[in-house]
Amino acid sequence: MEYDFKKIEADWQNRWKENNTYKVSNDSSKPKFYVLDMFPYPSGAGLHVGHPLGYIASDIYSRYKRLKGFNVLHPMGYDSFGLPAEQYALETGQHPAVTTEKNIATFRSQLDKIGFSYDWSREVSTSDPAYYKWTQWIFLQIFDSWYNRITGKAERISVLLEIFDNDGTVNHPCPGDKTLNFSAAEWNEFDEQKKQEILMDYRLTFSSYGEVNWCEALGTVLANDEVVNGLSERGGYPVEKKKMRQWYLRITEYADRLLSGLETVEFSEAMKEMQRNWIGKSQGAEMDFAITDSDQVLRVYTTRPDTIFGVDFMVVAPEHELVELITTSEEKNAVETYLTYVKSRSERERLSEVKQITGCFTGAYAINPFDGRQIPIWIAEYVLAGYGTGAIMGVPCGDQRDFLFAKYFNIPITNIIGEYFNGEEANPTKDAQLENSGFLNGLLMKDAITVANDKIESMGIGKRQVNYKMRDAGFSRQRYWGEPFPILWTDGIAVPLDAAELPLELPHAEKYGPGPNGEGPLANMSDWTNTPAGRRETSTMPGYAGSSWYFLRYMDPHNSQNFCDRSASDYWGQVDIYIGGTEHAVGHLLYSRMWTKVLYDLGFIGHDEPFKKLVNQGMITGKSYFFNVAESGNSAAVISSYEKETSNGSLLRFRYGHKCVDSTGKLLRKTLEENVAAGGVEAPAASINWLAKDGEEYIYLKEESEKMSKSKYNVDNPDELCEKYGADTFRMYEMFLGPVEASKPWDTKGIEGVHRFLRKLWRLFFDEMKGKVWNDEAPTQAELKVLHRTIKKIEEDTERFSFNTAVSTFMICVNELADLKCHKKQILEPLLFLLSPYAPHISAELCKLIGVAVSPVGEDATKSIYPVYDPALLVESSKDYPVSINGKVRTNLNIALDATQQDVEQLILENEVIKKWLDGKAPKKIIYVKNKMVNVVI
RNA sequence: GCCCAUGUGGCGGAAUUGGUAGACGCAGCAGACUCAAAAUCUGCCAUUCGCAAGGGUGUGAAGGUUCGAUUCCUUUCGUGGGCACCA
């Protein structure tokens, strides 16, 4: 009887499906556990071997937790709105709904082959109207909310109306318009339109004008990714900034809670740091400077008010409104030239070129309020209008960028930190004693910050100010394939649809091109857009809308009355383990945290952080091959080796595989020589000759690891591996590659070893010649020891997500049992239970064949059936200690575990090897660490 | 430029709290079984000196702390990832 994995795996997968084995109930006496994968975007390319890495890890953990007696929620679904489907539709005319459905079917069949224990009855898909009905509904709840900074939470707009009626804005300054100020009486005088405009400046989802990348030639708005060097990636047309009406998520109101919430969750430090940097909270001060010959004031934001006497110049952003007002007539031409230059630069360029210093003097001067010094005001592209006040004070001795700026434009540098400043580079220290600093002289800089702030505030020229880097999140896209906004525009007022009108379904489209005036494709459908009650919003929600709350829908997926019943969310609570890649660090993970907090504030759920613990899976990279070709004059010649790549700048680089694939995308042959010989590869350019060596044609390929992608010809497909080796082998091999968190190159070479292991396991039960070899004999001490050591290690490794070492532990165990010729059911049965989360099919089959009462992969276990290790079996009375001389191991010595220092010293001094090294001398010291080692110091 | 991660044999990796570096697997080499192949089994497998016994060196590099460092500290180099020059 041999290990027929194909039959076994098909049998068990069918059985699980027919019996609904992994269907989970919201009603259970067992403790709950929620294990979640980041759901995939169902791309047309299907699943590659990188996808299942996280899914296998979460499946192992889910199965493990079930054996431990938990009621485990382990769902899967699809993030099925998105740009690729729309672009595909533009190219082929196929409706995104059709291709999406097809892609989902492909994903599902691929996932099924790997033997996951998902509860498919809870599957969600964000483009399903039954799902996005609730995305729209939650949008409306957020729209109907504002952030009360006094209570520190989201509240209904009706509460704000009451506040305005009684007090006006006095206690609740407007987050959207800082200049807004009115009394209760004034509020009541405003007309409806004015009131709605004001409310929009408070709402947590709001509409406002913002800059987008507009491409006139394509008639559409482009994402940053789609703009290269100021030109559209598609077609190379010019792209300009254009102000358009957009929807936003007022996530900045949650900045502090998003920061403090990080303290309550188990994310990796790296992940928390990324989020903190993104939020970018800084404590500083805003300060006003008078401007010579002007009644304008220059307001700057600084985190270092202690350096106020070191200010040698001011810089304002090119977009700053003061630029026009303060530029002197002498400088007008230069400034205009500079502004034209800046306009030609994309934001990407402005932000990425660090080396090049540009700027322009306005001719105006600000006055230092403390010493009356005149400070020149400059414009420079490195200052952005959107952050702080859009103006900074330049302190060259303390800030390197300011230092370089001053050097470049020959601005004299004031030194306020004495010998801490060497004139060669800035020193950003806070520990220097201040000089040349008026009332701050002699103070340490870090103490001077408070003193300076107090002074600024008492003089009434500024105040302490907390700033955040984070901006409000753009929430609308001029696209078709997304959730329509449940909003009607009437007389410039955004009127929300009634909940009863949801879902507002996406109308069927025949064409997907952009609408007029930069609007999305929906603007072309006048039947849908124009309603008696007003005009529909024609932009759609961004990709992250649906993914911001899907973890809640899984808890109660078929509820048609509510997005998720409170009893369901109270039962399941937080996601206990969330597994996915780091690419979502600052996008999805921040948005979903914010949505959760809003829903919590409004009383819809009982927890305000969605994910208790986050595990980041590493990327599996594929191997790509490149070759270089040198151009020499008019006729190109092939270089002899890729090593020349760095020594010659005029090399052309080619991706091997570009012409080496057949119509299905499969590599035709493994080596370029084979391809050339078979005519399967074309020379990259007609004039290229392959360099001959010893009369043979040859070329060197350079191997590089890259993210897997169909277009890179480096994709391996899980189906083929499951077909060839079986799902159990595939699962264990992906885990065996290395730590889940690490990114690693994909290589199928090692898969044979894992497959051999499973066959070896099988032979402990059945022999090809002898048939059944397992028996009911009583186990020996040695066999029990092997088993219990394995139980202990597997449990520890599984708990800490160290699945690669767990696989190796299984291998060691099977090797040892084979050496002991142990075929005893009493040993093997618990081993199968341990193995079942990792290799569920073979474990299930063997359990059935040896007659196990409760299957480890079954649904009928009512309590924990995970093997429990017996520490008594692992107790040893002595240990082989490594004995080192001056830290170098020289010999081993078996010593009783209860030996005392004296016992050990005596044993050591009697030992021949040690005697030789001591050479008659007495040791200085003998270090004996119980259960670890012995070190003799000479 | 800034932030984060990471560096161990031919390869993937192990060493969980400072205590025998290289577990486990791949690849390779030698052998057994076989008419042969596959499968399986046995042995070797960081490097260097040595017939051997036994030494020397070795976790990117250089220092340091320690009886003892892959692990802690300082400096430095390489690689990968992120970024919104954020004042």
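1. Residue D112 belongs to helix α4, which spans residues 96-112; helices (H or I, at least four residues) and strands (E, at least two) are DSSP runs, numbered from the N terminus. The model is predicted, so that local features need pLDDT of at least 70 and side-chain atom pairs count only at pLDDT 80 or more, while totals for chains, interfaces and linings use all residues. Residues are numbered from 1 along each chain as its sequence is written, chains are lettered from A and ligands numbered from 1 in the order in which they are written, and side-chain values use heavy atoms, with hydrogens and water left out.

2. D112 counts as partly exposed because its relative accessibility is 28% (buried is under 20%, exposed over 50%, partly exposed in between, with a 1.4 Å probe and protein chains only). Leaving aside residues up to four places away in sequence, D112 touches Q13, K17 and W120 (contact means heavy atoms within 4.5 Å). The C-alpha atoms of D112 and A727 are 9.8 Å apart, although 615 residues separate the two along the chain.

3. Strands β19, β18, β21 and β20, in that order, form an open sheet with antiparallel pairing (strands pair if DSSP finds at least two bridges between them). Its edge strands, β19 (493-496) and β20 (530-531), each pair on one side only. Strands β18 (residues 487-490) and β21 (residues 534-536) pair over 2 bridges, and the bridge partner of W489 in β21 is R535.
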